[in-house]
Amino acid sequence: MLQRLWRHLADTLRHAYFHYSVILCIAILEPAERYVINSVVIVVVSLLVYATVVYMPGHVTMLCQCFVHLTGIRSHGDSVGQRGTTSATIS
Amino acid sequence: MATGRGETRTSTVENTKMSNGQPRNYTNGHKNGHTNGYKNGTNGKTNGKSEKGGRWQDDFEEYFEETPYHIAILTYLGYALMVFIGHVRDFLRYYGIEQDKSCTESNQEDYVPLYQNWESFYTRNVYRRIRDCWNIPIASCAGSHIDVQERVTHDHGWNFEMTGKTLKVMNFGSYNYLGFAENKELCGRDVQRVTEKYGVGTCASRQELGYLDIHRELDSLVADFLGTEAAITVPMGFATNSMNMPALVSKGCLILSDELNHASLILGSRLTGALIRVYKHNDMKDLEHKLRDAVCEGQPRTHRPWKKILIVVEGVYSMEGSLARLPEIVSLKKKYKAYLYLDEAHSVGAMGPHGRGVVDHFGLDPHDVDIMMGTFTKSFGACGGYIAGSKRLIRHLRANSHSAIYSCSMSPPVTQQIISTMSCIMGRTNPQEGRRRIQQLKWNTRYFRKGLHERGFIIYGNKDSPVVPLLIYMPSKIALFSRECVLM
């Protein structure tokens with residue numbers, strides 16, 4: 001059963017590689033060129049994945065904080081409290 | 001590999017009307033009996049003259065599907081990758097890091113280069129990789145089944161070696177519409193007899209002792225076949241257009257040529273020295289607009305009237321598979337008093353209920369078309385071309401055309417092949433065989449188009465035309481498709 005699963009996975013991967021190499025014209029390149037192009041693609045994809053996994057959560061959190069600061073949700077609440085107290089003292 | 005489109009065009013599947021496998025009769029459009037006040041012919045027969053109203057327009061269906069966006073983008077990406085790799089490889093070859101196997105010119109001192117252009121870059125880097133898909137050598141009669149000689153390349157397309165094996169494959173790529181490109185009994189015996197009598201070469205042109213009696217017979221047979229007064233034949237199809245147009249049209253005339261005309265028509269038009277204006281493919285409004293402009297304004301600077309206006313169209317366009325809208329063109333030409341040159345290279349023998357071309361297909365009068373041209377290469381299994389028209393036209397061409405004066409006349413076995421096949425199609429000899437082949441071609445056309453459509457391929461053209469362009473787009477797919485087809 002596990003062997004069949006592995007074989008199915010291997011077939012799917014092989015099909016996926018075949019489709020990718022045919023669509024991007026890698027299938028008709030010479031073997032040396034194919035190694036170079038595939039390694040370039042792998043390097044670029046792995047860099048993208050690394051960047052996404054490591055930097056994306058931090059970046060998204062930072063953007064959320066910026067958004068909140070600019071629209072003044074938290075600081076707006078503080079200023080309302082202060083104005084109320086100053087008006088009380090003047091009057 | 002199919003492009004994987006889910007839906008099929010239902011209109012084309014409905015309109016094929018092939019429920020019992022019979023070829024489609026043209027009387028199916030006459031369901032109501034009357035169209036626009038004109039009485040239709042009795043059931044099973046057509047009138048023969050052009051009927052007004054929507055009859056041919058109902059039957060006329062062409063499709064040129066738009067390329068899906070993602071396929072277009074991926075194709076461009078693929079080509080961009082190949083061009084980039086080509087530049088890298090050229091760089092390596094130039095600096096001697098890699099051995100250069102291409103044919104380069106020897107750069108002599110102080111001489112400008114003779115051959116450098118971008119085309120050689122493309123040939124060297126893109127075409128070379130998949131070169132085994134074209135120019136495939138054949139070792140048998142080029143008929144419906146061919147023996148392809150197997151080739152291998154050990155250095156990725158630079159050099160080929162024959163292995164000595166041959167593969168028997170079915171031929172879908174040649175223009176053998178009616179299957180006459182064969183060496184069997186039907187025409188083979190006559191051709192053998194004529195070769196034994198006349199030999200193979202005539203060694204002279206038509207004007208000087210090269211005009212055999214079988215050439216005369218062929219000329220009159222072609223005229224009978226098409227329904228015109230006279231015809232003249234030329235030994236090469238391309239030369240029929242390029243060498244005869246200069247005899248008909250000269251400087252001071254106007255040629256209105258369709259966007260997608262064949263290279264022979266373009267060359268012939270350019271050789272005439274006339275002004276050429278191109279109108280959009282099959283676009284009658286554009287053609288009428290240009291005709292009207294030409295008649296009103298005259299020649300460009302002097303505004304003198306044009307000496308002649310010639311409209312050049314093809315019956316079936318060989319790269320798109322579309323049909324010319326001949327009834328509309330004929331009515332336009334009669335309205336503006338222009339002349340019509342019809343190139344029936346792919347349609348003669350293959351279109352029409354009697355195989356006489358697009359004029360037969362639309363039911364028009366052959367006298368409406370001033371100059372009918374065609375080739376024998378496609379449906380007749382021979383080589384050469386003809387021009388047919390009025391007696392005056394043919395007499396003029398016999399004296400003034402370059403091909404009649406300078407080219408060697410048609411080889412006798414080829415002439416006899418055309419005579420035999422044309423008689424077969426006309427019904428004079430073997431009437432059953434001729435009719436069977438024409439009907440079989442029609443059925444095959446409809447069936448093939450319908451089958452490809454259902455499997456999701458993108459094909460262009462009119463549903464009646466035997467030319468079926470199948471679009472594959474990506475160069476790697478083209479190569480793999482071709483290799484799989486030949487090896488399977």
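A: A residue is called buried when its relative accessible area is under 20%, exposed when it is over 50%, and partly exposed in between, with a 1.4 Å probe and protein chains only. This is a predicted model, in which local features need pLDDT of at least 70 and side-chain atom pairs count only at pLDDT 80 or more, while totals for chains, interfaces and linings use all residues, and side-chain values use heavy atoms, with hydrogens and water left out. Residues are numbered from 1 along each chain as its sequence is written, while chains are lettered from A and ligands numbered from 1 in the order in which they are written.

Q: Okay, so is B:Glu328 buried, exposed or partly exposed?
A: B:Glu328 counts as partly exposed because its relative accessible area is 22%. B:Glu328 forms a salt bridge (a side-chain nitrogen of Lys or Arg within 4 Å of a carboxyl oxygen of Asp or Glu) with B:Arg325, and the closest N and O atoms of this pair are 3.9 Å apart. B:Arg325 is partly exposed too, at 24%.

Q: How many salt bridges are there over all chains?
A: A search of the whole structure finds 24 of them. One joins the side chains of A:Arg14 and A:Asp11 at 3.3 Å, N to O, and both residues lie in helix 1 (residues 2-23) of chain A, 3 residues apart, which is about one turn of the helix. Helices here are DSSP runs of H or I with at least four residues, strands are runs of E with at least two, and both are numbered from the N terminus. A:Arg14 is exposed, with 57% relative accessibility, whereas A:Asp11 is partly exposed, with 35%.

Q: And what about B:Asp224 and B:Arg428, how far apart are their closest N and O atoms?
A: The closest N and O atoms of that salt bridge are 3.4 Å apart. B:Asp224 sits in helix 6 (residues 213-226) of chain B and B:Arg428 in the loop between helix 14 (412-426) and helix 15 (431-454), so the pair ties together parts that are 204 residues apart in sequence. B:Asp224 itself is partly exposed, at 44% relative accessibility.

Q: Switching topic: how many residues does each chain give to the contact between them?
A: Chain B gives 18 residues and chain A gives 13, where contact means heavy atoms within 4.5 Å. The buried area, meaning the accessible area (1.4 Å probe) that two parts lose on being put together, summed over both, is about 1500 Å² between chain B and chain A, and carbon and sulfur atoms give 77% of this area.

Q: Which salt bridges cross over there?
A: The rule finds 4 across the interface of chain B and chain A, and the side chains of A:Glu33 and B:Arg129 meet in a salt bridge at 2.8 Å, N to O. On the side of chain B that touches chain A, the elements that give two or more residues are helix 3 (69-94) and helix 16 (475-487) of chain B. The largest share of that side, 7 residues, comes from helix 3 of chain B. A:Glu33 and B:Arg129 also belong to a network of salt bridges that links them with A:Glu30, B:Arg89 and B:Arg128.

Q: Now the inside of chain B: what does the side chain of B:Ser264 pair with?
A: The side chain of B:Ser264 makes a polar contact with the side chain of B:Asn241 at 3.0 Å, and another with the side chain of B:His262 at 2.9 Å. A polar contact is a pair of N or O atoms within 3.5 Å; within protein, one must be able to donate a hydrogen and the other to accept it, and residues adjacent in sequence count only if both atoms are side-chain atoms. B:Ser264 lies in helix 8 (residues 263-272) of chain B and is buried, at 3% relative accessible area.

Q: Where is B:Ser401, then?
A: B:Ser401 is in the loop between helix 12 (391-400) and helix 13 (402-406) of chain B, and it counts as buried because its relative accessibility is 0%. The side chain of B:Ser401 makes a polar contact with that of B:Ser403 at 3.0 Å.
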